[in-house]
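Hi,

Here is the structure I promised to pass on.

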Protein chains: 2
Amino acid sequence: MQYEMPTLTHVARLAGVSENTVSRVIRNKGPIADATRDRVVLAIEKLGYVPNRAAGSLASSGSLLIGVLLPSLSNIVYPEVLQGIYAALAATSYQPMIGVTDYDPVKEQSILSSLLAWQPAAIITTGFDHTDATRRMLDNSRVRVAELMDIDAEPIDIAVGLSHHQAGYAVGRHLIARGYRRFGYVGHDWIADRRARMRYDGLVQALAETGMTLEGEQCFDGPSSTMAGRDTLAILLERLPGLDAVVFSNDDMAVGGFFHCLVAGIAVRERLALFGFNGLDIGQVLPLPLSTVRSNRFLIGKIAVEKLLESPERALDKLVVDTGYDIVEGATA
Amino acid sequence: MQYEMPTLTHVARLAGVSENTVSRVIRNKGPIADATRDRVVLAIEKLGYVPNRAAGSLASSGSLLIGVLLPSLSNIVYPEVLQGIYAALAATSYQPMIGVTDYDPVKEQSILSSLLAWQPAAIITTGFDHTDATRRMLDNSRVRVAELMDIDAEPIDIAVGLSHHQAGYAVGRHLIARGYRRFGYVGHDWIADRRARMRYDGLVQALAETGMTLEGEQCFDGPSSTMAGRDTLAILLERLPGLDAVVFSNDDMAVGGFFHCLVAGIAVRERLALFGFNGLDIGQVLPLPLSTVRSNRFLIGKIAVEKLLESPERALDKLVVDTGYDIVEGATA
């Protein structure tokens, strides 16, 4: 076992080339014969040589870190955003550094402060709900900033996502057009998930424009989950058994609602229509594929990185990228 | 809007204290009156001041980065491991830097090389399947290394997880004790998921010890998913309609299998028992809670970080932490 950290000199010696050549191979600069490159790469692998990135990035003052702030990892939506971020970073030298905020702006502020201390090249975060201190830090830092998921407000720099108000409105119009009249809503904690609240507002607006209101709503006091959706629908239906359509705050909740209907012997769609949001895979493999709105999380992460890396400077005009949404007709509504 | 990056001097001036005091508050060193600390913290927040961590860590030669290599983010198991890692890091100054390997040892090697260039304090990775170059890099670097999920081989430094062979064996014993005799297996790509293969081997061993064999098996040529589980069970049952129990490579696959039974009108447990692995929430909210093995992903991530941070040096003896598993009786087997 070798306990001395191998250096550039060791690599050059083993490959039988100059240190300058090794350095050029590592930096991928200038013309180098394939055979020479192969010898250097082999020597690097054999020695387990690792170029010092931390020192290099400071010396060149161009950081290769991207700070990523996500609200949650237990909701599969955000790992999917992360997959898009990785896909766009794969061909680059950038590494993401990830913080999880639990949908808490104060926690976001604290993690951001700690991320900024690493002088990242860019910050990716979610939504527009930041503390004043977070905004000041982002302004001062002058790094590129992408705010993901939502385009219903003006971004600091770049916003990539969809209009949740529009999506909620479209769900309302769709269900009214299909003939449903007695609407209920099953949700989760709005303080933690403001985008769910915007979808709700859009839904209520669509109903109001047609002279209708929600007959009842029931919100679970915590994060969304299939279990919460199942139990919350049960509570709502005990109160209002005559509803003919229930809109859920997202697919996790709606899948749970579907399970409640299975167990309670409620004929889904014939007696009660169910509608979700997100277009998750699990909703699409239910015995009746879930009617829902598909948002493109992977694309949101990927586009954000691509736009951020186009220029190290913020443009004068804010950039808003609408990744849109699709109504998925499914078989539950 | 302020375009000059605020410095320690700006903070000191605004708080009306010396720069040395600001520095002590930031480093949390020495006694400082609460009122003074509050003034400094307020000034930091008001200015959006960010201490320079990257330069600091190089100067002190103690990196505050933890490199984390995960095989996947689309399987919810790994986001849960990450939640455990975050929980243990929350009270520290360490930041995780995460890479996703897609279960590919060559990709692991490439990402590890790039992570090590940041001189992390420790590396967390999954399983024991590494390339020789990966092992050499980890040996040379001398950083602490935790290999997660699995304890069926000798670790480089620390292993935290469960014996997948034992877990598969326990499933076999459990199902035999319940009276099942005609066994099938539904799996996914073993090359990508060696731990699923170890569980399979344990299951086959338990059957063999009782003079039985699998009557049939069907593997999906790709990553696990509910859709793959549903379709693969359908194919297996077309060939072998007389099976009385099917063991799935994990819960994602088993939940899909459950949906197939619902649609095909197969009475789960009475006619066909279903058994999963992981103890995911989704399996537990099915109309019949899934019979499965619960592994503790959150705990695996949390313990790994705690053990890594106990000492900056590797111990002479390797450490193996068995986080165990539980048979969840459920209602499907």
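Below is what turned up, starting with the ground rules and then going from the chain contact to the helices.

This is a predicted model, so local features need pLDDT of at least 70 and side-chain atom pairs count only at pLDDT 80 or more, while totals for chains, interfaces and linings use all residues. Residues are numbered from 1 along each chain as its sequence is written, chains are lettered from A and ligands numbered from 1 in the order in which they are written, and side-chain values use heavy atoms, with hydrogens and water left out.

First, the two chains together. 60 residues of chain B touch 60 residues of chain A, where contact means heavy atoms within 4.5 Å. The area buried between them is about 5,300 Å², and carbon and sulfur atoms give 64% of that. (Buried area is the accessible area, with a 1.4 Å probe, that two parts lose on being put together, summed over both.) On the chain B side, W118(B), N140(B) and V285(B) lose the most area to chain A, together 14% of what that side buries.

R297(A) forms one with E80(A), with the closest N and O atoms 2.9 Å apart. R297(A) sits in helix 13 (residues 297-310) of chain A and E80(A) in helix 5 (residues 77-89) of chain A, so the pair ties together parts that are 217 residues apart in sequence.

Now the helices, which are DSSP runs (H or I, at least four residues) numbered from the N terminus. Axes are lines fitted to C-alpha atoms over the stretch in contact, and angles run from 0 to 180 degrees between N-to-C directions.

One helix pair spans the two chains: helix 7 (residues 132-141) of chain A packs against helix 3 (residues 34-47) of chain B at about 60°, with axes 7 Å apart. The two are therefore oblique to each other; angles under 35 degrees count as roughly parallel, over 145 as roughly antiparallel, 65 to 115 as roughly perpendicular and the rest as oblique. A133(A), R136(A) and N140(A) meet E45(B), K46(B) and L47(B) there.

Within chain B, helix 5 (residues 77-89) and helix 13 (residues 297-310) pack at about 40°, with their axes 6 Å apart. That makes helix 5 of chain B oblique to helix 13 of chain B. Among the residues making this contact are E80(B) and G84(B) of helix 5 and R297(B) and G301(B) of helix 13.

Within chain A, the axes of helix 1 (residues 8-15) and helix 3 (residues 34-47) come within 9 Å and cross at roughly 125°. This pair is therefore oblique too. The residues in contact include V11(A) and L14(A) of helix 1 and V40(A) and I44(A) of helix 3.

Cheers

Note on methods. Salt bridge = Lys/Arg side-chain N within 4 Å of Asp/Glu carboxyl O.
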